[in-house]
Amino acid sequence: MELSALTAITPVDGRYRRQVTNLAPYFSEYGLIRYRVRIEIEYFIALCEWPVPQLADVDASLFPTLRGLYENFTEADALRIKEIEATTNHDVKAVEYFIKEKLNDLPIADKLEFIHFGLTSQDINNTAIPLLLDEVLEAEIVPQYREIYVKLQQLAERWKDIPMLARTHGQPASPTRLGKELMVFVERIEKQLHMLADIPSAAKFGGATGNFNAHAVAYPQIDWKVFGNQFVESLGLVRSQFTTQIEHYDMMAAMLDAFKRLNTILIDLDRDMWTYVSMNYFKQKLKAGEVGSSAMPHKVNPIDFENSEGNLGIANALFEHLSAKLPISRLQRDLTDSTVLRNLGVPFAHAVIALKSTLKGLEKLELNEAALRADLDDNWAVVAEALQTILRREGYPQPYEALKALTRTNEKITADSIRQFIEGLAVSEAVKQELQAVTPYGYTGI
């Protein structure tokens with residue numbers, strides 16, 4: 001079968017491809033190759049600018065042409081590199097040969113052995129991957145978390161005065177406000193986004209086993225540590241100072257764990273919103289032609305929150321594996337990180353699918369205020385906390401026990417039974433009036 005969205009094995013490249021197509025320039029094989037080319041070119045330019053003595057005469061006017069190799073990188077270029085790889089059986093070496101092939105007609109043909117000079121493949125990979133990750137997060141992924149954050153703020157403001165019965169342990173509890181309950185998620189997301197922003201993107205750049213061995217033996221007079229730091233920082237990254245052949249991935253693991261926490265918060269949101277829909281607190285906007293159930297014509301299912309929850313779960317399972325596996329490598333290097341990192345885009349793709357579903361679900365919500373009020377009307381027992389607290393203030397004997405006796409009978413607590421209870425209390429008329437003023441709709445705190 002020809003590979004297409006219909007025949008793809010994974011739904012990321014099949015059913016959901018349309019939703020994650022913007023991630024392809026970063027997480028695809030094409031994207032990784034393009035970033036490898038970028039690192040090789042920028043490294044060569046950095047050697048020229050330092051300058052390494054043999055490169056001191058390279059004309060800086062050539063640098064835009066060199067950068068054009070990755071700025072104008074095409075799928076045909078990526079396919080050429082894959083052709084070379086078929087011979088080399090080494091993906092990064094194929095990039096090196098491709099660049100030399102492309103630059104052979106320029107007046108730097110005699111300088112081409114400084115492409116990939118002194119480097120191991122992981123100097124390229126462990127700089128290209130954090131760079132592409134940094135850029136895709138900023139361009140495509142974090143903005144979608146922020147979009148949900150902003151939408152929740154808007155809904156919280158819209159519904160800030162809507163009283164709602166709270167439920168602790170699934171049971172009726174002291175009333176709250178719908179807007180405030182959404183602000184719980186706003187605050188949680190905000191804190192995690194701040195923590196995420198504080199995690200540096202680290203790169204490994206130091207030669208075969210992290211010590212600049214080849215660089216130092218060729219040019220012992222050059223401070224390669226300073227060079228490496230400046231080069232990596234010019235890309236917007238932070239260079240890990242002591243490494244093996246590969247980056248230790250501790251900062252990447254921290255970043256993946258931060259996304260896992262963000263996703264866990266959104267799973268919590270999805271489940272709450274699903275439950276509110278099931279309680280009829282929200283209706284969902286209908287779209288002409290859509291079918292909720294193949295058998296039950298009346299159904300409008302909360303599928304967006306369900307889709308989101310499922311995809312967030314897959315994303316988190318992969319984030320968990322990546323963050324637990326990547327920081328572990330036998331001695332100075334093993335290849336387990338290489339095959340694992342090729343899946344880096346998969347959890348982010350599932351997260352993006354989920355974020356779009358959550359946002360779609362939030363957009364479809366229509367508040368059913370009558371249902372919220374009916375639930376409060378049906379649960380006058382929740383004002384018992386307020387009444388016994390006022391009675392405590394007044395020094396009334398055993399007020400908790402008095403309210404407990406009232407509310408734990410088999411008879412339903414209503415506005416009338418509360419009123420009769422208050423009238424029978426041995427307190428002043430002023431306190432009785434204060435107690436009578438407490439209702440489930442107004443007892444929502446601050």
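Hi everyone, let's start at Thr243: setting aside neighbours within four places in sequence, Thr243 is in contact with Lys204, Thr209 and Gly210, where contact means heavy atoms within 4.5 Å. This is a predicted model, in which local features need pLDDT of at least 70 and side-chain atom pairs count only at pLDDT 80 or more, while totals for chains, interfaces and linings use all residues. Residues are numbered from 1 along each chain as its sequence is written, and side-chain values use heavy atoms, leaving out hydrogens and water.

Thr243 sits in the loop between strand E4 (238-239) and helix H11 (250-278); helices (H or I, at least four residues) and strands (E, at least two) are DSSP runs numbered from the N terminus. Is Thr243 buried or exposed? Thr243 counts as buried because its relative accessibility is 14%, the cut-offs being under 20% relative accessible area for buried, over 50% for exposed and partly exposed in between (1.4 Å probe, protein chains only).

Now to helix H3, residues 29-49. Of the 21 residues of H3, 18 are buried. At 1.5 Å a residue, H3 should span 30 Å, and its end C-alpha atoms are 30 Å apart, which agrees; the expected span is 1.5 Å times one less than the number of residues.

Finally, the protein chain: 19 helices and six strands. Its radius of gyration is 31 Å, well over the 22 Å from the globule rule for 446 residues, so the chain is more spread out than a compact globule. That radius is taken over C-alpha atoms, and the rule is 2.2 Å times the number of residues to the power 0.38. The C-alpha trace spans about 100 × 55 × 40 Å along its principal axes.
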